[in-house]
Amino acid sequence: MILKRYDEIDDNVQNIVLQEFNQIPIEELLKKTKLNKQELISLLIKNNIEYDIDLNKGKTIKENKILIISDTHIGSEYENISYLDMVYEFAIKNNITKIIHGGDLLQSTMKHVKQEYIDPEKQFKHFMSVYPYDRNITNYVTLGNHDLSILDKFEKGINIFKPRKDIKILGFKRTYINWNDTTISILHECPKYQLEIPNLQTIVNLHGHRHNIKVSDTGSIHIPTLSDNVMSYGNNDNPYPGFLVAYIDKNNLYIEHYIIKSKIKNKGIVFTKHI
């Protein structure tokens, strides 16, 4: 299993964490226990251990504008690589160099997987061959339930990402990014993985998994899918694949919604917030 629930972590490992946290550097503790950062944080929260909030910090992004996608489901019957190509063309044209991915990069072996990619290793190799590359663009990925499913079946898959320096795996279920001195979170439903996740103050919470845009006044933003598997929940839906663009201007955060039909169409600003 690529990710352990806190109740699956060996007692000896838990004891090492309890005894040596704050005694040795975090990176050394992670190597010694073979935990990842999210598993370590989960144990600390479970045991009511105070820790430096810096441990929660993810990648830092300084660019003023970021592009946000989710649920590409590469390897499924609904994958559409042309959408990814269009997004990259848009990013290059608009000088956007950072893409946030809200999870479910891959399909795994779940329903609607293409038969030629039912083998996890073949699906990973397919992903590597079709996911666009531009040396100036970096993807920051929070893995979702489909990603964790395929990694449970093929743990070596996490190493397949390594040659792609443009793909940065932030973690699982919920992660954070520091963006221009603010904090945003990225979430993707993973009910099976019972990790304790810190709840930090953020300017916006981005959600994968829903396959359709949904925006709340509180800053909870559900990202549309970038596949042909669009979910519909009501008459006010925008049942189209698409993506979001977020930018900061004069101490205000703006999020624009773009849909993809035969071409990209700007649906306008869907969220604003003074920061």
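Asp10 caps the N-terminal end of helix α1, with a side-chain oxygen 2.7 Å from the backbone nitrogen of Asn12. Helices here are DSSP runs of H or I with at least four residues, strands are runs of E with at least two, and both are numbered from the N terminus. This is a predicted model, in which local features need pLDDT of at least 70 and side-chain atom pairs count only at pLDDT 80 or more, while totals for chains, interfaces and linings use all residues. Residues are numbered from 1 along each chain as its sequence is written, and side-chain values use heavy atoms, with hydrogens and water left out.

**Helix α1**

- In α1 (residues 11-20), Val13, Gln14, Val17 and Glu20 are buried, meaning under 20% relative accessible area with a 1.4 Å probe and protein chains only.
- Seen down the axis of α1, these buried residues fall within an arc of 155°, so they line one face of the helix; the arc is that of the directions from the helix axis to the C-beta atoms.
- Asp11, Asn12 and Gln19, on the other side of α1, are exposed (over 50% relative accessible area).
- The cover over the buried residues of α1 includes α2 (26-33) and α3.
- Asn22 follows α1 and has a positive phi, near 75°.

**The largest pocket**

- The largest pocket is lined by 34 residues, and Asn36, Ile169, Leu170, Gly171 and Phe172 lie nearest its centre.
- Two or more lining residues come from each of α3 (37-46), α7 (157-160), β5 (167-172) and β6 (174-179).
- Strand β5 gives the largest share of the lining, six residues.

**Thr225**

- Thr225 sits in the loop between β10 (220-222) and β11 (242-249).
- Thr225 counts as buried, at 0% relative accessibility.
- A polar atom of the Thr225 side chain lies 2.8 Å from the backbone oxygen of Asp71.
- The side chains of Thr225 and Ser227 make a polar contact (2.8 Å), that is, a pair of N or O atoms within 3.5 Å, where within protein one must be able to donate a hydrogen and the other to accept it, and residues adjacent in sequence count only if both atoms are side-chain atoms.

Terms used. On a 1 Å grid over the protein atoms alone, a cavity is a set of points where a 1.4 Å probe fits but cannot get out, and a pocket is an open set with protein on both sides within 12 Å along at least five of seven lines; lining residues have an atom within 4 Å of a point. Contact means heavy atoms within 4.5 Å.
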